[in-house]
Amino acid sequence: MPTPKRPLPRPSLRHEKLCLAPVAGVDEAGRGPLAGPVVAAAVILPARGIPRGIDDSKKLPAAERLRLHDRLQACAQIGIGIVEPDEIDTLNIYWATMKAMTLAVEALGCAPGHVLVDGNRLPRWGFAATPIVSGDAISLSIAAASIIAKHTRDTIMRAHHDAHPHYGWITNQGYGAPEHLRALREHGPSPLHRRSFAPVAQAAVAFAPAVAAE
């Protein structure tokens, strides 16, 4: 008989219960895209009435992320940090992400007793904190932060799509999808593109002579 598959782990409060309250979960969205900001969220879940269905945002369809985003906004303490493309180019994406996380925790409006951060690195801050690899899959607070960060960034990219429709951000959210790369070659980078990212830098160099020749 085939070995039955074990159910995938679901986020829980196991890590939160080991920490000094209030515990904030932190995650980011947008490290990999070629355009748009990097967005981080910090979430302190309520003692009671935590919405059902919270999971790693990558596992959830957009409609479910929207539902949970709205439920969390109504019951949790939330801070959001945003670092725009020009600052990403100045700092590099790693330090821009660390800054977005710091801004998110500072925006909570209270000092957390402990911060749980998705990943294996921590910002340079004064908060007691623990990094958790794949934290969005095992920590309920981090999973909640992943939902807030992902939905917030997707909303930003949909808004920018109206001004730059040829890049397809309404569906690719700024990632290097074929339609996005094709538009970069045809139209060059927009003000929202990260010039320090190789595909954007290459498109800028290739597009500049064509513009100069016109």
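The legends below describe close-up views of a predicted model.

Residues are numbered from 1 along each chain as its sequence is written, and side-chain values use heavy atoms, with hydrogens and water left out. Local features need pLDDT of at least 70 and side-chain atom pairs count only at pLDDT 80 or more, while totals for chains, interfaces and linings use all residues.

**View 1. Overall fold of the protein.**
The protein has eight helices and five strands; helices (H or I, at least four residues) and strands (E, at least two) are DSSP runs, numbered from the N terminus. From the N terminus on, the order of elements is β-β-α-β-α-α-β-β-α-α-α-α-α. The C-alpha atoms fill a box of roughly 65 × 50 × 35 Å along the principal axes. Of the 214 residues, 49% count as buried, where buried means under 20% relative accessible area, exposed over 50% and partly exposed in between (1.4 Å probe, protein chains only). Among contacts between residues at least 6 apart in sequence, 64% join residues at least 24 apart, a contact being heavy atoms within 4.5 Å.

**View 2. Strand E2 and its two partners.**
Strand E2 covers residues 38-44, and seven of its seven residues are buried. In a regular strand the side chains alternate between the two faces of the sheet. On one side of E2 lie Val38, Ala40, Ala42 and Ile44, and on the other Val39, Ala41 and Val43, all of them buried. Strand E1 (residues 23-29) pairs with E2 in the antiparallel sense over five bridges, and Asp27 has Ala41 of E2 as its bridge partner. E2 also pairs with strand E3 (residues 77-83), in the antiparallel sense over seven bridges. Here the bridge partner of Ala40 is Gly81 in E3. Two strands count as paired if DSSP finds at least two bridges between them.

**View 3. Two nonpolar cores.**
A nonpolar core is a set of buried Ala, Val, Leu, Ile, Met, Phe, Trp, Tyr and Cys residues joined through side-chain atoms within 4.5 Å. The largest core has 30 residues, of which Val26, Val38, Ile88 and Val105 touch the most other members. Elements giving two or more residues to this core are E1, E2, helix H3 (93-106), strand E4 (114-118), helix H7 (178-187) and helix H8 (198-213). H3 supplies the largest share, seven residues. A second, separate core has 17 residues, including Ala41, Leu68, Ile78 and Ala149.

**View 4. Helix H5.**
Helix H5 (residues 140-161) has 22 residues and spans 32 Å from its first C-alpha to its last, close to the 32 Å expected at 1.5 Å a residue. The expected span is 1.5 Å times one less than the number of residues. H5 is mostly covered, with 17 of its 22 residues buried.

**View 5. Aromatic pairs.**
Trp125 is buried, at 16% relative accessible area, whereas Phe127 is partly exposed, at 24%. The rings of Tyr167 and Trp169 have centres 5.1 Å apart and planes at 15°, so this pair is stacked. Tyr167 is buried, at 2% relative accessible area, and Trp169 is buried as well, at 0%. Rings of Phe, Tyr and Trp (its six-membered ring) pair if their centres lie within 6.5 Å; planes under 30 degrees apart count as stacked, over 60 as edge-to-face and the rest as tilted.

The peptide bond from Ala21 to Pro22 is cis, with omega near -5°, and Pro22 is found in the segment before E1. Ser134, a residue other than glycine, has a positive phi near 55°. Ser134 lies in the loop between strand E5 (129-132) and helix H4 (135-138) and is partly exposed, at 44% relative accessibility. Gln173, also a residue other than glycine, has a positive phi near 55°. Gln173 is placed in the loop between helix H6 (169-172) and H7 and is buried, with a relative accessible area of 15%.
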